[in-house]
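Okay, thanks for making time, everyone. Let me put the structure up, and then I'll walk you through the bits I picked out.

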Amino acid sequence: MSLSELSIKRPVFAWMLMAGLIIFGGICFERMGVSQLPDVDFPVVSIGLTLEGAAPEVMEVDVVDQIEESLMSLQGITSLSSSSRTGSATITLEFGLDKNIDVAVQEVQTILGQVARHLPKELNPPSIRKTNPEDQPILWLAITAESMNNRELMNLVRDRVKDRFSTVSGVGEVHLGGYVDPALRVWLSARKLNQYELTVDDILNTIRQEHSEQPSGRIEAPDKELNIRTMGEAPTAEEFGKLAINKRGGAPNFAPLTLNAVAQVEDGLSDIRRKSRSNGRAAIGLGIRKQRGSNAVEVARLVKERVQEVQAMLPEGVTIGVRSDATRFIKESVDELNFTLILSAILTAAICWLFLGSWSATLNIILAIPTSVIGSFIVLYALGFTLNTFTLLALSLAIGIVVDDAIMVLENIVRHLESGKNRMDAALTGSREITFAALAATIAIVAIFLPVAFMQGIIGKFFFQFGVTLSVAVVLSLVEALTLTPMRCSQFLEMQKRRTFIGRWVESGFTKSAALYRRILGMVLRHRVVTILTSLLFFGSTMFFVSALKKEFVPAQDQSLLSLRLMAPVGTSMDVTDFKISEVEALLKNVPEVKEYFTTIGGGMGGGGDVNSGAISLNLVPQRARRINPKTHKPYTQQELIGVLRAEFKKVKGLRVVIQDPSLRGFSAKRGFPIEFAVRGPDWGVLVSSTEKLMKAMEETGMMTDIDSDYLAGLPEVRVTPDRARARERGVSVNEIGVTINALMGGVVAGKFSKNGHRYDVRVRLLPEERGQVGDIHKLKVRNNRGELITISDLVNLKETKSLQAISRQDRERAITVFANVSESSSQAKSLETVQGLAKKILPAGYHMVVSGSAKTFKESMNSLVFALLLGLLVSYMVLASQFNSFIHPVTVLMALPFSVSGALVALYLGGQSLNIYSMIGLILLMGIVKKNSILLVDFTNQVRSRGLGVRESLLEACPVRLRPILMTSFATVAAAIPPALAIGPGAESRIPMALAVIGGVLVSTLLTLIVVPCVYSVFSRR
């Protein structure tokens, strides 16, 4: 007994199957996470290294090179990069996507433990963390205070605010932006040290000896036990200032002094190397990162509720608010996709009613949509998928496909019903007759997505979710068509003669169309070869559009978010950088499209870094609320605003501003610029000059904007060169000179200080007014081996010069990374091709360019997509050959595919779209859709021929009969794709190219399939 017979004879079973799919699918839908892109782990591990005061060259040679050499033994590394700066370095390891990130972290920890003995003793313990583009903060909160000083605000955020958000369900980490650790500051005076014949070493020894709490054991009495605690640490800053300096140069100090005599002790902050502002006001930012797989929109909602709770408990004058919300776009785009799903279902229902003229028949088909689509959520939830752009796009396009099987089954049942059979017999016979065609059509669609499993890189992970989602929906639609549709037809299908004007007009149109189609078919069958050659000529001519279309990885989306990267000249002080960035903020206040902004000075968003750099995160008003662009007479898009802002920022002299579109991130583990590559080579000087020439040539093409690199040269540096002969004569070691200068000019951590249950650093450094000039180094004194004080000027030579601010390496080669945006007149593919051509001309022998980031992903994805298309054709042929038990019929069926490509290319060109991953998804989807029409024609023609008719007679009889279901399924698919094609809401940029490709491909291929496939069938079939 077949599935159809079982369902028809046991209808309750079929109804329960439908109810189960919808009910449990709905439960799974409610529990699924929501994100913009699929949750894909980028196995990236970052190692943070700190050696205070060390030059970039020292960090590179003594630290980074040693660690990199050991890390190269790890399995699965695809990229190894590092950046060495003054006092710090970062090593980033990128593994293959199949590498377990937790295992990778453990392996890195093991390697670091083994290499530790070869590293400088002063190196701080390395910090290891997993990084992922999807782990970017989904929310940025800002806390401002009117009456608090900086330390009070820092303490408030750390003690009373941060942990309140860490405990929110779904929050993975709270990152603090602009936060500076509290510290006990010991500001030494060089003048007073000289007055009392003290050195910094005496002060450091005093802190170690006089501010120390050691374990003291316990008293074990016969009847009780007591712990002993020696309270050796100063409890307050005031008490700390009273520590006695009992020794001078290791000898007793018979006239004891206190720290207050030579230093100012205050309860302050660590060195301020970063600042944050919210809408121009001093603030601390809290970046909220969600846990992997959690619902980003729900987490953001809970965090916003917690904001209201926290605000109520904050002191008067302290406010907290949301300054950047990436989930707003996610929520709006997901809501838009859900609306598109509903609208597509309505349009599909209208098409079905128009074609069938029966509400019962229309309801029968439309019930396939909730059964297939909602039922799909059971599988998606079990696989750990989220509701994201790829899964929801698959479901919105699946609506027009999932009804196809139901349409084929119902149309065949109706044909038998109209021949005089009762509902039960018509359902049994009609479903049995169409089972093979429905099964073949479904397998044909699923087969086209099988090669997706072999796609490499990150795009393969994203396509996998799309392919699985669509395949699950289509398979469920087949189950629905072979069980529920025949059962419902056997129970309540009513077909009456159409009496309305529209109904009669449609029926008349079908009758006339079938007759016209039969006459045209008879004519083209007499000129089969000419027809086939003409169609192939048409296909060849449309290949022109491949070169005419722009090619890019992903289209930019209007998320109402922008990121600014600001760079002042190397060596610019924090105060000057702050002033320059405030000029940019003043310009932003006069831009009505800027809703709010969050500024960080001293490195990237929320992080430390160079004091000559900063970042601003812009939150824009929705597009409908923006000014009208005089060129387009429509509200400014986000991409058009980039051009407006770029022109405004040119007014700020002495500051370079690079604008980045966050919508282009998320597809790589790098910065996310469309143009990103590294120039590699051995000699740093040649590398710098060659890169500068290449960047200048890139700018001259006019194809790229915001051209920037990670190379930072010209950092002013004071080189202190010890005169070894004089130092030896005076009994001073070179190490003592370095320690003294580092402690007084740079500052050192001399110990720890406890307050309110927290442990702070004790930081020793000269007073700011005594270390502001190069000559201040000369005034410092160091003690020799005879206990005498020697002035530094007698021991060293000073020279002001320029040095590297950072040294970058990739795969153990010195490298400079260049990144840029694409201008409106160019495309990503054309710009990349141009850059590669320039690199071949400019770079000398031994130096080469390596594409990275989004640009690398773009190249890999395009190669993978072509591979998937070709492999999909092969798999489709193999499946069809097995189904038809023929080597020829699959070729006939596949003849529809070239015309779908032609239609898609034409539609994309007319719609002003580009060839990107979304339009390529549409092309892959077409490979599965358009085969259905060919299968219907070939399968029914074979059935007619089995009655003994010739090839020509069979085609003339079978093809007009199948015209109605072919047109119905095609128009249903087109109707479902119209809402995403006309989308104007958030995320429309990703839906439009895919939908246009489907619409154009289905329309053109349907028209030509009806003509060309019968001709090919006739040529290949024996008479």
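When I say two residues touch, or are in contact, I mean they have heavy atoms within 4.5 Å. And keep in mind that this is a predicted model.

With that in hand, let's start at Lys130. It sits in strand β4, which covers residues 127-131. What does Lys130 touch, if we skip residues up to four places away in sequence? The answer is Val44, Ile101, Asp102 and Val105. Then there's Phe42, 88 residues away from Lys130 in sequence, yet the C-alpha to C-alpha distance is 9.0 Å. Buried or exposed, or something in between? Lys130 has a relative accessibility of 43%, so it counts as partly exposed; the in-between class runs from 20% to 50%.

Let's zoom out for a second. The protein chain has 1023 residues, and 55% of them count as buried. You get 31 helices and 33 strands, and the C-alpha trace spans about 125 × 80 × 55 Å along its principal axes. If you take contacts between residues at least 6 apart in sequence, 79% of them join residues at least 24 apart.

Now, the inside. In soluble globular proteins, nonpolar side chains tend to be buried together. Here the largest nonpolar core has 179 residues. The members that touch the most other members are Ile365, Phe390, Phe463, Phe466, Leu470, Phe677 and Met698. Which helix gives this core its largest share? That's α13, residues 389-418, with 19 residues. There's also a second, separate core of 41 residues, and Ala234, Ala727, Ile737 and Leu795 are among its members.

Let me pick on Phe677. Ignoring neighbours within four places in sequence, its contacts include Leu694, Met698, Ile816, Val818 and Val835. Also on that list are Met849, Val850 and Val851, plus Thr817 and Ser852.

Two of those names, Met849 and Val851, come back when we look at Gln836, which touches both of them and Lys859 as well, again leaving out residues up to four places away. Gln836 belongs to helix α24, residues 828-842. Its relative accessibility is 26%, and therefore Gln836 counts as partly exposed. His848 is 12 residues from Gln836 in sequence and 9.9 Å from it in space, C-alpha to C-alpha.

Last stop, strand β5, residues 139-145, where seven of seven residues are buried. In a regular strand the side chains alternate between the two faces of the sheet. For β5, Leu139, Leu141, Ile143 and Ala145 point one way, Trp140, Ala142 and Thr144 point the other way, and all are buried. What does β5 pair with? One partner is β15, residues 284-290, antiparallel over five bridges. Strand β16, residues 318-325, is also antiparallel to β5 and is joined to it by seven bridges. You can see both pairings at Leu139: it stands opposite Ile288 in β15 and opposite Asp325 in β16.

That's my tour. Over to you.

Methods. Residues are numbered from 1 along each chain as its sequence is written. This is a predicted model: local features need pLDDT of at least 70, side-chain atom pairs count only at pLDDT 80 or more; totals for chains, interfaces and linings use all residues. Side-chain values use heavy atoms; hydrogens and water are left out. A nonpolar core is a set of buried Ala, Val, Leu, Ile, Met, Phe, Trp, Tyr and Cys residues joined through side-chain atoms within 4.5 Å. Buried means under 20% relative accessible area, exposed over 50%, partly exposed in between (1.4 Å probe, protein chains only). Helices (H or I, at least four residues) and strands (E, at least two) are DSSP runs, numbered from the N terminus. Two strands pair if DSSP finds at least two bridges between them.
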